[in-house]
Protein chains: 2
Amino acid sequence: MPKIVDHDQRRKELVETTWRVVARHGVSGATMRQIAEEAGFANGALKPYFATKAELLEATYSYVFAATETRIRRASRGKRGLAAVRALCREVLPVTPDLVSEARLVIAFWDGAARDTQDANMGARGLSSWCDVVAALLQQAQDDGEIRSGLDLPRLADVLLTHLYGTQVTAVLDPERFSADELMRQVDLFLELLLISPLGMTHTSAKSSG
Amino acid sequence: MPKIVDHDQRRKELVETTWRVVARHGVSGATMRQIAEEAGFANGALKPYFATKAELLEATYSYVFAATETRIRRASRGKRGLAAVRALCREVLPVTPDLVSEARLVIAFWDGAARDTQDANMGARGLSSWCDVVAALLQQAQDDGEIRSGLDLPRLADVLLTHLYGTQVTAVLDPERFSADELMRQVDLFLELLLISPLGMTHTSAKSSG
């Protein structure tokens, strides 16, 4: 009986292998040959799946973005407002070794996007959709009386997303100073600036569930 | 009479040429041959100045950081507190075509730093020193009564720097949405969150000089 090859599964394996190889050696250090070898493919056997390294990288970036979105959806399920914003941040901040590896890959993608309009457009669409999600959650937080009125929520959402993008860099440059705990404290500090009662005055902490 | 060669000047020319070539073609697209040609050097003549592309790139990054620091010092001369913070931000935000090119170079540096400990350390030192400068300026702003007390100023400085790093990416991914005006408005929005009187209430604008 001929072996049935699940081509989608093979593509997924190649993308996951690429993720690992790029995290280890960087985009410029990762070769098609190396990826093929590590994925258990003969050298030429990648071509039917991904004709060029650029195609393979693009699929890998898409995979990372999709994985992040899946994590965000799972983490924010059943949450609203600020709790949902915090859950989202916790999934985007590079707070685990795997997520720091992902940050390296994301920075490599940005480096490519700096010179490739198609990649830049893909990056811009992702950024824009996340800004919209955060703006909607901040609106919820305002509706629920968590944060004060009179705030420019869409622009604050852009600022928060820009900060999250910045943390991909700070965590890679200086993982001691910008540790997982510290990155989360930075987000909390930013969100505290939006609360009804100004910082430095007591305010009731977030209600526990119930 | 033999021609006197100013080696420091030659190194500076090579670095400036590298800056231009990398801004146009990216780090991976820039070759030693191309840089030599554009700088008016014979192909082998670079080697006494920079033995490898990595050395040349490192010198170019140092040059960009130094140029940014010079711009910041010039722009913030005679300013204190929030006015000095704004002046600093205006020099770091990618708000001109040249600064967007610099952002591309900075992203390429980060990509390298993600895999090279020495580059990461250089990046971490730069980041740390800028965080210290901003923290000191925020302290001035607090001393002058511009921003309220009870704020964690060193951490807020880290958040602002992280945001500035993030703008290098957002401006490159989506220059229409993250235009020069918009980037400055984002910084102003962040700084407004620190003012004595909360947003949405009237507050006196910054005093004019005099």
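Analyst: Let's start with a term: a polar contact is a pair of N or O atoms within 3.5 Å; within protein, one must be able to donate a hydrogen and the other to accept it, and residues adjacent in sequence count only if both atoms are side-chain atoms. By this rule, eight residue pairs are in polar contact across the interface of chain B and chain A, both residues at pLDDT 80 or more. This is a predicted model, in which local features need pLDDT of at least 70, side-chain atom pairs count only at pLDDT 80 or more, and totals for chains, interfaces and linings use all residues. Residues are numbered from 1 along each chain as its sequence is written, chains are lettered from A in the order in which they are written, and side-chain values use heavy atoms, with hydrogens and water left out.

User: What makes E182(B) and R155(A) a salt bridge?
Analyst: The term asks for a side-chain nitrogen of Lys or Arg within 4 Å of a carboxyl oxygen of Asp or Glu. Here the N to O distance is 2.9 Å, so the pair meets the 4 Å limit. The count between chain B and chain A is four salt bridges.

User: Which helix of chain B gives the most to the side that touches chain A?
Analyst: That is α7(B), with 13 residues; helices are DSSP runs (H or I, at least four residues), numbered from the N terminus.

User: How many residues does each chain bring to the contact, and how much area is buried?
Analyst: Chain B and chain A each bring 50 residues, where contact means heavy atoms within 4.5 Å. Together they bury about 4300 Å², 67% of it on carbon and sulfur atoms. Buried area is the accessible area (1.4 Å probe) that two parts lose on being put together, summed over both.

User: Why is S76(B) called buried?
Analyst: Buried means under 20% relative accessible area, exposed over 50%, and partly exposed in between (1.4 Å probe, protein chains only). S76(B) has 18%, so it counts as buried. This residue sits in helix α3 (residues 53-76) of chain B, and, leaving aside neighbours within four places in sequence, S76(B) contacts A84(B) and A87(B).

Methods
Helices (H or I, at least four residues) and strands (E, at least two) are DSSP runs, numbered from the N terminus.
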